[in-house]
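My entries follow the display.

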Amino acid sequence: MKLDSFQLKCIAILTMFIDHMGAVFFPGELMFRYIGRIAFPIFAFLLVEGYFHTRDVRRYMLRLGLFAVISEIPYDLAFRETILEFEHQNVFFTLFIGVAMMYALEKSPQWQAKAAEVLLAMWAASLLCSDYRYKGILLIAVYYFLRGRKREEFVLGAGWNFLWNWEIQGYGALASVPIAMYSGQRGRSMKYFFYLFYPLHLAVFYGVARMGLM
């Protein structure tokens with residue numbers, strides 16, 4: 001069985017939705033968080049694939065940056081119950097930094113420069129306090145450098161999940177299974193649905209929680 005990009009996105013979106021539902025409405029139920037750990041590794045993998053398939057990297061970065069800004073208020077309302085705070089930023093910031101890093105890596109022929117660029121991107125994500133911080137950038141770099149080498153992607157992509165808080169994040173290793181089934185095909189195109197879903201579902205969760213419906 002093979003999975004195209006659209007199907008992988010659906011898996012990532014669904015597991016993210018379950019994760020966020022648990023975080024907002026059932027914070028004591030870890031099963032939601034276990035399932036949710038699958039989402040980010042798939043998003044990181046698809047970010048790399050998207051980078052290599054996009055016709056305009058700058059527009060790709062602009063789109064990610066725009067939705068990072070758009071999503072921040074719904075993100076803070078859903079998880080912090082405040083309009084804006086700066087202790088933890090949404091995942092679009094991590095993805096934006098990841099694409100900027102890949103763009104810089106493409107321009108650098110020497111491995112010393114590439115190593116410095118990865119470290120700089122990890123530092124930027126930590127400084128900004130974006131979701132997954134330096135660890136998220138590290139995974140994007142793993143998928144970037146190992147692109148097309150499925151065995152290494154599977155092993156190192158799965159192993160990344162055990163670098164910290166493995167009792168919860170370890171479940172994210174399961175993401176390597178659908179990633180290994182990736183066919184390289186794009187599948188159905190619903191690009192902006194996936195961008196819009198992130199801030200919209202967080203806004204809905206906040207509204208439902210605010211009205212006491214769950």
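This is a predicted model: local features need pLDDT of at least 70, side-chain atom pairs count only at pLDDT 80 or more; totals for chains, interfaces and linings use all residues.

Residues are numbered from 1 along each chain as its sequence is written, and side-chain values use heavy atoms, with hydrogens and water left out.

Entry on the fold. I looked up the secondary structure, where helices (H or I, at least four residues) and strands (E, at least two) are DSSP runs numbered from the N terminus, and found 11 helices and zero strands. The radius of gyration, taken over C-alpha atoms, is 17 Å, close to the 17 Å that the globule rule gives for 214 residues, so the protein is as compact as a globular protein of that length. That rule is 2.2 Å times the number of residues to the power 0.38. Along the principal axes, the C-alpha atoms fill a box of roughly 55 × 35 × 35 Å, and buried residues account for 50% of the 214 residues.

Entry on the patches. I took a patch as residues with over 30% relative accessible area and no salt bridge, like charges being joined within 9 Å and nonpolar side chains (Val, Leu, Ile, Met, Phe, Trp, Tyr) within 5 Å. A salt bridge is a side-chain nitrogen of Lys or Arg within 4 Å of a carboxyl oxygen of Asp or Glu, and accessible areas come from the Shrake-Rupley method with a 1.4 Å probe. For charge, Lys and Arg count as positive and Asp and Glu as negative, with His and the chain ends not counted; the place of a charge is NZ of Lys, CZ of Arg, CG of Asp or CD of Glu.

Arg55, Arg59, Arg186 and Lys191 form a positive surface patch. Of these I checked Arg59, which sits in helix H4 (residues 57-80) and counts as exposed at 55% relative accessibility.

Ala125, in helix H6 (residues 111-128), is buried at 0% relative accessibility, and its C-alpha is 9.6 Å from that of Phe96, 29 residues apart in sequence. Leu30, in helix H2 (residues 30-36), is partly exposed at 38%.

Note on methods
Buried means under 20% relative accessible area, exposed over 50%, partly exposed in between (1.4 Å probe, protein chains only).
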